[in-house]
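Open the model in your viewer and keep the selection panel at hand. We will go from stop to stop.

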Amino acid sequence: MTPRTADAQSDDPFTEPPRRSRGFRVAVSSGAVLSVCLVGWLGWQALANSGSGSAGTAAPRVSAAYGEGDLVDSLGLGGGAGGASGSPGASAGVSAPPSGSAQPSAGGGSAAGGARPLTGRTVLLDPGHNSGNVRHTSDIARQVDIGNSRKECDTTGTSTNDGYSESDFTLDVVHRARQILQDRGATVVLTQDGDRAWGPCIDERARIGNEAKADAAVSVHGDGAPGSASGFHVIMPAKVVAGKADTSAIVDPSHKLGVTLRDGFKAATGEPFADYIGQQGLDTRSDLGGLNLSRVPKVFIECGNMRNSGDAQRMTDPQWRQRAAQGIADSLTAFLTTG
């Protein structure tokens, strides 16, 4: 694994917030003057329009398009058999934020005025794999029950061609997203925080979210597809009712979460939709224990293909990882604060 010296760069907003310069203070003073002028102008406009009887028209809500992600990828590059779940139901009504809405800066997660919109909400973040898994191959190779089959407890994950591991990537992005969500008032639970020798197994990852009674859960990954493939995609649970698995109650809300995350992640990062799996950045699978065994709305996000040179260049950049975390946090916030 190559050293991540880029993480120490002073322009990484996660490690060193920008300092306020003299120019910034001048800008703030000027902004205060402009604000006073603006208030006066708005008051004059209100008086001018009071007799006309006209009312302002609110900007229309933009509905996010459902990308038919529950069509199973025919190429079979997802690493297992998928399962179609039928109609997306409520997910078709997911609304994206209006294009002019304010978004939190990379350095702060709270809404304007110090609002904490996620107070009382619990979010489960699952950083995929564990850097210690490579030293515990027999432990992670044991089979666990995922309802409709048995599967390895965990895997080592993938890496870029230069050795930046998926487990390092996922934990870094999750740490950044956790900070934003906590700043917004959320209780954030992690399946692992770099404090375990290996694992946890995929069934335990689902159980942690269930026991936390999470309002939403996201498992963060990087893909290891062939180098010619690129882009990100969100994986949503198929309807699975078998053995200890029953996703009936979470399929629709997970579709809504998936579409919201797909749109928010693309807006934040500019990463294209995957060109090798799913449709329009969405896929549905029935072979992932972390989804099959979940009792709370949950999706996976493959943030990019670590074997693709373009995706790898972005994923090793700490500034891009901050944008990825922002996209995940913004999407979770939208999902939890909109009907």
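Two strands pair if DSSP finds at least two bridges between them. Helices (H or I, at least four residues) and strands (E, at least two) are DSSP runs, numbered from the N terminus. This is a predicted model: local features need pLDDT of at least 70, side-chain atom pairs count only at pLDDT 80 or more, and totals for chains, interfaces and linings use all residues. Residues are numbered from 1 along each chain as its sequence is written, and side-chain values use heavy atoms, with hydrogens and water left out.

**Stop 1: the sheet**

Select T122. Its bridge partner is T187, in β6. Now show β3 and β6: they pair in the parallel sense, over four bridges. The open sheet has six, in the order β6-β3-β7-β12-β8-β11, and the pairing is mixed. Which strands stand at the edges? They are β6 and β11 (282-285); each has a single partner strand, so one side of each is left without a neighbour in the sheet. From one strand to the next, the twist averages 25°.

**Stop 2: helix α4**

Select residues 202-211. This is α4, which lies across β3, β6 and β12 and runs at about 165° to β3. Angles run from 0 to 180 degrees between N-to-C directions, and axes are lines fitted to C-alpha atoms, for helices over the stretch in contact. Contact means heavy atoms within 4.5 Å. Color I202, D203, R205, A206, I208 and G209: these are buried (under 20% relative accessible area; exposed is over 50%, partly exposed in between; 1.4 Å probe, protein chains only). The buried residues of α4 pack against β3, β4 (143-145), β5 (150-152), β6, α6 (289-292) and β12. K213 follows α4, and its phi is positive, near 50°.

**Stop 3: the core**

Show L125, L181, I301 and L332. They have the most contacts inside the largest nonpolar core, which has 37 residues. Such a core is a set of buried Ala, Val, Leu, Ile, Met, Phe, Trp, Tyr and Cys residues joined through side-chain atoms within 4.5 Å. Its largest share, eight residues, comes from α8. Center on L332. Leaving out residues up to four places away in sequence, L332 touches V123, L125, L181, A216, V218 and L257.

**Stop 4: α3 against α8**

Select both helices. They pack at an angle of about 50°, with their axes 8 Å apart.
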